[in-house]
Amino acid sequence: MERDEKREREMEGWETPKRVECRIPAVLPCPPPPKKKSPAGTLGKRRDPPKNGYFHPPDLEAVFALAPWREASCA
């Protein structure tokens, strides 16, 4: 009889384990989104100018100067 039971089990194929430690854990709810920082603290407040002043590069005009147009030469 034992051999017949073994053969039946082998013929049935694989079974899903039903033990508690084999189960997929329950789905936990997602955490809430992070809270936005309150802009009320910085809104309306003016910042003091930097102690060393603003940076003025000597060649600032050269950065924004337009390059002369080149005529396209078609061959």
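Buried here means under 20% relative accessible area, exposed means over 50%, and partly exposed is in between, using a 1.4 Å probe and protein chains only. With that in hand, Phe64 counts as exposed because its relative accessibility is 63%. This is a predicted model, where local features need pLDDT of at least 70 and side-chain atom pairs count only at pLDDT 80 or more, while totals for chains, interfaces and linings use all residues. Residues are numbered from 1 along each chain as its sequence is written, and side-chain values use heavy atoms, leaving out hydrogens and water.

**Overall picture**
- The protein chain has two helices and zero strands, both taken as DSSP runs numbered from the N terminus (helices: H or I, at least four residues; strands: E, at least two).
- Of its 75 residues, 0% count as buried.

**Around Phe64**
- Phe64 sits in helix α2, which covers residues 60-64.
- Together with Leu60 and Val63, Phe64 forms a nonpolar surface patch of about 320 Å² accessible area.
- Patch members have over 30% relative accessible area and no salt bridge; nonpolar side chains (Val, Leu, Ile, Met, Phe, Trp, Tyr) are joined within 5 Å, like charges within 9 Å.

**Charges and cysteines**
- The whole structure holds one salt bridge (a side-chain nitrogen of Lys or Arg within 4 Å of a carboxyl oxygen of Asp or Glu).
- Glu21 and Arg19 meet in a salt bridge at 3.3 Å, N to O, and both are exposed.
- There are zero disulfides (pairs of cysteine sulfur atoms within 2.5 Å).
- Cys22 is partly exposed at 34% relative accessible area, and Cys30 is exposed at 71%.

How values were computed: Areas by Shrake-Rupley, 256 points an atom, 1.4 Å probe, with all protein chains shown as cover.
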